[in-house]
Amino acid sequence: MKHVLFLGATGTAGSVIVRDLLERTDCIITAFARHASQNYHESDRLKVVDGDALVQTELTAAMQGQDAVYCAISGESLPQVAANIVAAMKACQVRRVIFMGAVGIYNEIPVEIDGDDNVAINPGQIPNRDAAAVIADSGLDYTILRPGYLQEGIPDDFILTFKGEPAKGYTTSLPALSDLAVRLISDEKLYAKESVSITRDMTKRTEGFAMKAVTLNNGIEMPMLGFGTFLTSEETCEQSVLAALQAKVRLIDTAAAYGNETFVGNAIKKSGIPREEIFLVSKVNFDSYEDAGKAVDNSLARLGTDYVDLMLLHWPFGNYYAAWRALEKAYKDGKCRAIGVSNFDPDRLIDLIKFNEIAPAVNQIETNIFVQRKTEHEWMEKYGVAHMAYAPLGQGHRNEMFELQEVTELAEKYGKTPAQILLRYQLQRGVILIPKSTHEERIKENFDVFDFTLTVKEMDDLAELDRVTPQIGDPEKPEKVETAMTWIGK
């Protein structure tokens, strides 16, 4: 039975890899990271330690008694982390290290380093290359991961994203990385003097989804791009949802407050698409928080289904603690495959996570080119909560966004519309999107965004357009809260 020290990746990626290692091997894992995440699945074979790999004494202490190290850390500090790992391993007489580094595999200049035994490296960025050199010169046992086929790109019906960023097609899926982790930990043959490559058959297809998907913190997959239904009702809603489903959209977002759940349910039935192939999201309104369990049942009845894929608390108003615990029960009862929140600022999100059993899988907040929510995104990443955007094309600011010079120039360069550029930008940031339209052609247009990739400079230029302040979804503004109170009972 191996003792494995798992370093870094405390969000979605780390929790999924650790879960698979626990389920598919008999190893004992010590998960070591700054702000060690509570998202790891409970197990008597898992110990979670809060520490910093840049602090040599902390890392060496955690290294005691380990048989192997799995490093999934990225960033500019990676070479120093690698040096600390080498020093700690030598001090503790640990020979085997699996070194992933930057698990998103942002590879533009692949690097190969010949070596012996068990370090897997995703080379590419300069920090990775420098860290790889540190490991290669260490005298430790390692194996090199050579993601050679990734340079060719992979088909659209494979998962192409980690945190939503295709990086010119040189990427792979979280399930593939998890499979590789299991192989490297459990298969003694991989400790021989040879390289290890990810091959196509290790990249999992996104079953039932035509769009790219993200793995939530409970392990289920959610499409990155879907269809919103705010301010659409009755026949317009039904026709629009049906058009989206016929365009191979498989994420549909609604809410009790929208008053259109019945019409969304009707469209799903009329589509003839199996229910399990559609990722359905709804929300409990804050005027129902005192009996959120009943509100969930009422939504299911209106939607004509016995479960939703994701149920959110719509606003952080009223007794949202009671409502959250009702959602936890609905989740355990199988009525919701995942639960989350909407319009929660980081302070309320962290508070909710710390004092409840289940962490939200998603936080849906206003996000677009003018309101990019960079700080909120960082906090959500830290706690393993997926960032989902409403109003991604700017409710009330659409035309202004479409006329931005930075956007129109990119639209001309790539032969796309301004809307497609704006959606592509958010997808590459790792944000789940639900654009809305009642026009069939625009619905199709909004989903034709997977055949091009914005460059790093183009992403940086668009990032400069952020005006920071939310336009329509700020729960901290007294005026917004006061207006919201007039919605009760409507």
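The entries below take the helix and then the rings.

I worked on a predicted model, in which local features need pLDDT of at least 70, side-chain atom pairs count only at pLDDT 80 or more, and totals for chains, interfaces and linings use all residues. Residues are numbered from 1 along each chain as its sequence is written, and side-chain values use heavy atoms, with hydrogens and water left out.

**Helix 7.** I took helices (H or I, at least four residues) and strands (E, at least two) as DSSP runs, numbered from the N terminus. I called a residue buried under 20% relative accessible area, exposed over 50% and partly exposed in between (1.4 Å probe, protein chains only). In helix 7 (residues 261–271) I found Glu261, Val264, Gly265, Ala267 and Ile268 buried. They lie on the same side of helix 7 because their arc around the axis is only 160°, taken from the directions from the helix axis to the C-beta atoms. Lys269 and Lys270 are exposed on the other side. I noted that Gly272 follows helix 7 with a positive phi, near 75°.

**Aromatic rings.** I paired rings of Phe, Tyr and Trp (its six-membered ring) with centres within 6.5 Å, counting planes under 30 degrees apart as stacked, over 60 as edge-to-face and the rest as tilted. The count came to 7 aromatic pairs. Phe286 and Phe317 pair edge-to-face, at 5.4 Å centre to centre and 85° between the planes. Phe286 is in the loop between strand 10 and helix 8 and Phe317 in that between strand 11 (310–313) and helix 9 (320–332), so the pair ties together parts 31 residues apart in sequence. Both Phe286 and Phe317 are buried.
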